[in-house]
Amino acid sequence: MLTMLFSRLIILLIFLFIPNLIYSQVKKPQPIILHNADSLVGTVEEYGATRTYFGNVKLEQGDVKLSCDVARHYIDLNKVELRGNVIILQDDMTLTSSEINYNGNLQLAESDKGIVISDNRSVLIAPRGIYSVKSLIAEFMGDVTIEDDSATIYADRIVYNRRTKNSFAYGSVYIIGKFTNVVLTAETVEYYPSKKYTIAYGKPVLFDVDSIIKNSTITLDSPDEFDEIIKIDTVEIKFDTLSIACDTMESIRGDGTEKYYFKENVEIARGNVFAKSPFAFYDKMGDSIVLNRSPIIWFEETQLFSDSTVIYLSERKLKSIIAYGNAFAGSISDTMYNNRIDQLLGNKIQLFFSSDSLRLITSTGDAKSLYFLIDKDGPEGVSRSSADSISIEIEDNKPIFIKWHNKVDGEFFPERLIADKPEQYYLTDFRRENDKPIKKELLPRKSFN
């Protein structure tokens, strides 16, 4: 019985004294202290003692220094309203605004009158926002801009951690790289500079552009609620190179590496080349795009199917497309006869380009071809052949010379046999897809600067 009573006493003491001990060790926020003001007026209101400071106002809370033209200090609440040329300093960070409400207990600075945060690596600008001097996390809303040494990010809302430099952008996100001709748009983007890693959700589209032109700054009359001049830059994008859209995009950039991973519902457009694939990998430094899981490629009237495909670029121009595994190509050489589709089948099909024009197609490994003959008088029949490999020279998007190599076998069907039923002579692995991707457009975005 005594042992049971002693145990209960110990439990009671824990409940009574441990919470008080923990509470006593919680560090209370430091008070906001006045260091200078040209004049002040003191009153006692329902919130307790209140002082209003005028001219060259300087206050301090720990390592945070605050200055402004006029301040209203709620001493008992440990809050202060700062007005006119507001500056908050903390380490290498400078926060500026025309108005700031600062809560010393929560250590939060808040403004809806325009706010700028800058340090030695980045600048963050927005019409309104909240900044925690304790956690070093800023949340900005409106037409927000954040700029660091590698990129400029525009968004409707940005959460930025000064300690880690990580940023989270939401709503109409628009990112322009400083050392690469890449622009990214999405609904949500997470950016981790220390890892050189970015992930984008919500219909992300990557544009590898030819040029980025930033027009002259336009200065506007300041609205009444702003004490400073508003400057707006317009960013004009000129491009005709590459766009890649998907459901989720990841990238790793830095130290000579620039790689992008596109997942689900991938759509690619580059000049006259379009592609669809569940997955794509773009190595910008290596000038190559890899598409996996049965991609489809369109080039003018040619469609290319395979298990996987690699697109090679050279000096920003299309060099070749190589399709691996169950490769099939179908091409309409005369649009007056849309059901007469020239076909090529093989383990590997390669398309070679010069000045972005298709010049040569080759098929290797159990190659088969189907070629409809059409001259100025109309259709003349179809030729169906097989060989170890087949090569087709192209000019003006039409075959001009075909070669069959090793183990050649072929047959010809005259027009009188196929006139009304050319589809019956198609190769057994014939495929055609009408849902061609639509080229994405990159629109300019205005931002505060």
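Start with strand β12, residues 151-161. It is mostly covered: 9 of its 11 residues are buried. Buried here means under 20% relative accessible area; exposed is over 50%, and partly exposed lies in between, with a 1.4 Å probe and protein chains only. Strands are DSSP runs of E, at least two residues; helices are runs of H or I, at least four residues; both are numbered from the N terminus.

A word on the source. This is a predicted model, where local features need pLDDT of at least 70, side-chain atom pairs count only at pLDDT 80 or more, and totals for chains, interfaces and linings use all residues. Residues are numbered from 1 along each chain as its sequence is written, and side-chain values use heavy atoms, leaving out hydrogens and water.

Back to β12 and its partners. Two strands pair if DSSP finds at least two bridges between them. Strand β11, residues 137-147, runs antiparallel to β12, with 9 bridges joining them. I137 faces N161 in β12. The link from β11 to β12 is a hairpin through 3 residues. On to β13, residues 167-177. It pairs with β12 over 8 bridges, again in the antiparallel sense. Here A151 stands opposite G177. This hairpin has 5 residues between the strands, and K165 in the turn has a positive phi of about 70 degrees.

Now the whole chain. It has 2 helices and 34 strands. Of its 449 residues, 44% are buried.

Next, aromatics. The structure holds 13 aromatic pairs. Rings of Phe, Tyr and Trp (its six-membered ring) pair if their centres lie within 6.5 Å; planes under 30 degrees apart are stacked, over 60 edge-to-face, the rest tilted.

Take Y47 and Y74. Their ring centres are 5.9 Å apart and their planes stand at 85 degrees, so the pair is edge-to-face. Y47 lies in the loop between β2 (39-45) and β3 (48-61), and Y74 in strand β4 (residues 64-74), so the pair ties together parts 27 residues apart in sequence. Y47 is partly exposed at 44% relative accessible area. Y74 is buried at 14%.

Then F372 and Y426. Centres 6.4 Å apart, planes at 85 degrees, so this pair is edge-to-face. It links distant parts of the chain, 54 residues apart: F372 sits in strand β30 (residues 357-375), Y426 in the loop between α2 (415-418) and β34 (446-448). F372 is buried, at 1% relative accessible area. Y426 is buried too, at 12%.
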